[in-house]
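Please look at the sequence and the structure shown here before reading on. The report that follows begins with a single residue and then widens to the whole chain.

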Amino acid sequence: QVQLVESGGGLVQAGGSLRLSCAASGGTFSSYAMGWFRQAPGKEREFVAAVSWSGRIADYADSVKGRFTISRDNAENLVYLEMNSLNLEDTAVYYCAAGSAYGSSLANRHYYFWGPGTQVTVSS
């Protein structure tokens, strides 16, 4: 129903920056909260950031707060994750997800649709 495709991953040195993009198609983009999650090898998938359907509210994991910024462009069906001051612990596959437009917590919404992920590798 809704297809999500991430892009922008790659190799970056510690302290550097990277911007991930997620393109949505096949649905009404503005009907969904959008989130970014990541999974490192041998670890559980974890919440990174999410933005409300309107783009006016955003939540972040403590580990990325102050370094990452999530935003969305509903006119273009895009969501972004601007990552700054990257460190080795940020290395993971990053996934874009679309979830419920309503709820008490963006981090704990049910996310219905997921992209295939994009690899981010931070080197020393």
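## Serine 21 and its surroundings

Leaving aside residues up to four places away in sequence, serine 21 touches Val5, Glu6, Ser7, Trp36, Val79 and Tyr80, where a contact means heavy atoms within 4.5 Å. Serine 21 belongs to strand S3, which covers residues 18–25; strands here are DSSP runs of type E with at least two residues, helices are runs of H or I with at least four residues, and both are numbered from the N terminus. With a relative accessibility of 15%, serine 21 counts as buried, a word that stands for under 20% relative accessible area, while exposed stands for over 50% and partly exposed for the range in between, using a 1.4 Å probe and protein chains only.

The model is predicted, so local features need pLDDT of at least 70 and side-chain atom pairs count only at pLDDT 80 or more, whereas totals for chains, interfaces and linings use all residues. Residues are numbered from 1 along each chain as its sequence is written, and side-chain values use heavy atoms, with hydrogens and water left out.

## The whole protein

How many helices and strands does the protein have? The secondary structure comes to zero helices and eleven strands, and along the sequence the pattern reads β-β-β-β-β-β-β-β-β-β-β. The radius of gyration is 13 Å, close to the 14 Å that the globule rule gives for 124 residues, so the protein is as compact as a globular protein of that length; this radius is taken over C-alpha atoms, and the rule is 2.2 Å times the number of residues to the power 0.38. Taken along the principal axes, the C-alpha atoms fill a box of roughly 40 × 25 × 25 Å. Of the 124 residues, 43% are buried, and among contacts with a separation of 6 or more, 58% come from residues 24 or more positions apart.

## Aromatic rings

A search of the whole structure finds six aromatic pairs, which are rings of Phe, Tyr and Trp (its six-membered ring) whose centres lie within 6.5 Å, with planes under 30 degrees apart counted as stacked, over 60 as edge-to-face and the rest as tilted.

| Pair | Centre to centre | Angle between planes | Class |
|---|---|---|---|
| Phenylalanine 37 and tryptophan 114 | 4.9 Å | 55° | tilted |
| Tyrosine 112 and phenylalanine 113 | 6.2 Å | 50° | tilted |

Phenylalanine 37 lies in strand S4 (residues 33–39) and tryptophan 114 in strand S10, so their pair ties together parts that are 77 residues apart in sequence. Phenylalanine 37 is buried, with a relative accessible area of 8%, whereas tryptophan 114 is partly exposed at 29%, and tyrosine 112 is also partly exposed, at 45%. One aromatic cluster is formed by Phe37, Phe47, Tyr111 and Trp114.

The charged end of arginine 45 sits over the ring of tryptophan 114, 3.9 Å from its centre, and arginine 72 lies over the face of phenylalanine 29, at 4.4 Å from the ring centre; such a placement requires NZ of Lys or CZ of Arg within 6 Å of the ring centre and within 35 degrees of the ring normal.

## Serine 105

Serine 105 is placed in the loop between strand S9 (92–99) and strand S10 (111–114), and its relative accessibility of 25% makes it partly exposed. The side chain of serine 105 reaches the backbone nitrogen of alanine 107 at 3.3 Å. From C-alpha to C-alpha, serine 105 and serine 7 are 26 Å apart in space, and they are 98 residues apart in sequence.

Technical notes
Polar contact = N/O pair within 3.5 Å; in protein donor to acceptor, adjacent residues only side chain to side chain.
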